[in-house]
Amino acid sequence: RRQAEENKKGGETKRIDTCIGHQHRATMMHTNLSLAAQAAAARGAHAEGLIHLEDGSMGYFGRLYFTAWLQSMCVYYGVAVFLHYAVPALTNPRRLQHGDIQSSSDTRRDAMRALVPVAIRAGMLATAERLHQKGYSVMSNEPLDIALGSPWGVAYVVAMIVALDVFHDTWFYFAHRLLHHRYLMKRVHYMHHQSNVPSAFSGYSFHWIEAFIMFSNSLAEIFIFPIPYSLHRIYELWMIAIHVGGHCGFEMFPFIPHMGQLIWLLTGFKNGVRKALNDVHHHDVHHRYPGFHYSLYFTHWDSLFGTLHPDWVKAVDLHIASSASGNSNKLKDN
């Protein structure tokens with residue numbers, strides 16, 4: 001009987017050991033599964049983080065901004081250096097301002113001051129791109145080369161560029177008039193008019209508030225014009241070059257082209273069309289006579305609101321008459 005009881009106890013001990021072994025293996029398996037699940041979750045979280053970075057994080061917007069900033073910097077300062085240093089060294093351009101050239105100190109001031117507006121300009125472009133990616137614009141994702149793949153596509157793109165020119169000219173005129181209000185002129189726009197004799201570096205030499213007012217059109221237009229997105233970026237970068245060239249200090253018409261000047265070329269250099277177009281001389285007059293010439297591309301708003309200099313048409317006639325001889329005919333100081 002004693003032996004039987006000992007055998008019974010031994011069997012129970014073995015069963016307990018067996019159960020403990022099974023429990024241990026089950027625990028280890030559960031632990032391994034838990035570790036595997038945690039690793040998978042970590043990989044998933046990492047993947048989600050990457051997707052989040054691609055979709056909407058500040059890091060992703062930072063990359064958009066850096067690209068737009070680099071493009072804007074290259075266009076602004078690249079064109080400014082070319083027009084301010086290379087063109088006068090290689091050619092003998094017809095100077096405005098009675099031959100005056102901006103002083104070196106003013107050129108350095110304008111070049112440094114433009115850094116902030118260029119950065120704001122890049123921010124507008126990056127924001128426009130992000131809004132478009134989120135589906136908040138009327139622009140399309142169609143590649144520009146595909147859009148230009150047919151005659152109708154070419155006609156549509158040209159029509160959109162003309163519409164953008166008219167829109168930008170209208171925005172510029174009325175925003176510019178606003179900046180000449182006594183309050184804003186004294187506190188904001190005065191900075192730009194410190195360049196009495198402008199240079200290519202003067203284009204964006206202005207207050208950061210003015211930058212927001214002037215550059216907001218690049219955001220507004222994405223809700224208005226159904227254009228390919230790539231056309232929007234190309235057009236806006238070209239706008240930077242337009243502003244640089246418009247302050248270069250010598251006449252470049254028609255070599256700073258916009259669609260209005262293309263129309264002038266297609267109509268056989270008609271003088272009537274020429275008088276309806278803006279040029280470097282037109283804006284240079286504004287820096288000498290701030291009460292005149294607020295427009296960007298065309299002169300119709302200045303004509304309608306009485307801000308066209310009274311001698312402007314005569315000056316254009318003289319310019320056209322003398323262009324073959326190379327003489328300079330500019331508005332005379334009163």
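At what angle do the axes of helix α3 and helix α4 cross, and within what distance do they come?

**Entry 1, the model.** I note that this is a predicted model, in which local features need pLDDT of at least 70 and side-chain atom pairs count only at pLDDT 80 or more, while totals for chains, interfaces and linings use all residues. Residues are numbered from 1 along each chain as its sequence is written, and side-chain values use heavy atoms, with hydrogens and water left out.

I looked up the axes of α3 (residues 104–113) and α4 (residues 115–133), which come within 4 Å and cross at roughly 30°; the axes are lines fitted to C-alpha atoms over the stretch in contact, with angles from 0 to 180 degrees between N-to-C directions. The two helices are therefore roughly parallel to each other, a term for angles under 35 degrees. For the contact (heavy atoms within 4.5 Å), I found A111, M112 and R113 of α3 meeting L115, V116 and P117 of α4. I sorted the residues of this contact into five nonpolar, no polar and one charged.

I then turned to helix α13 (residues 280–288), which is mostly covered, with nine of its nine residues buried, that is, under 20% relative accessible area with a 1.4 Å probe, protein chains only. Among them I listed V280, H281, D284, V285 and R288.

I recorded 15 helices and zero strands, with helices taken as DSSP runs (H or I) of at least four residues and strands as runs (E) of at least two. Of the 334 residues, 43% are buried.

Definitions and conventions
Buried < 20%, exposed > 50% of the residue type's maximum accessible area, 1.4 Å probe, protein only. Parallel < 35°, antiparallel > 145°, perpendicular 65-115°, else oblique. Nonpolar A, V, L, I, M, F, W, Y, C, P; charged D, E, K, R; others polar.
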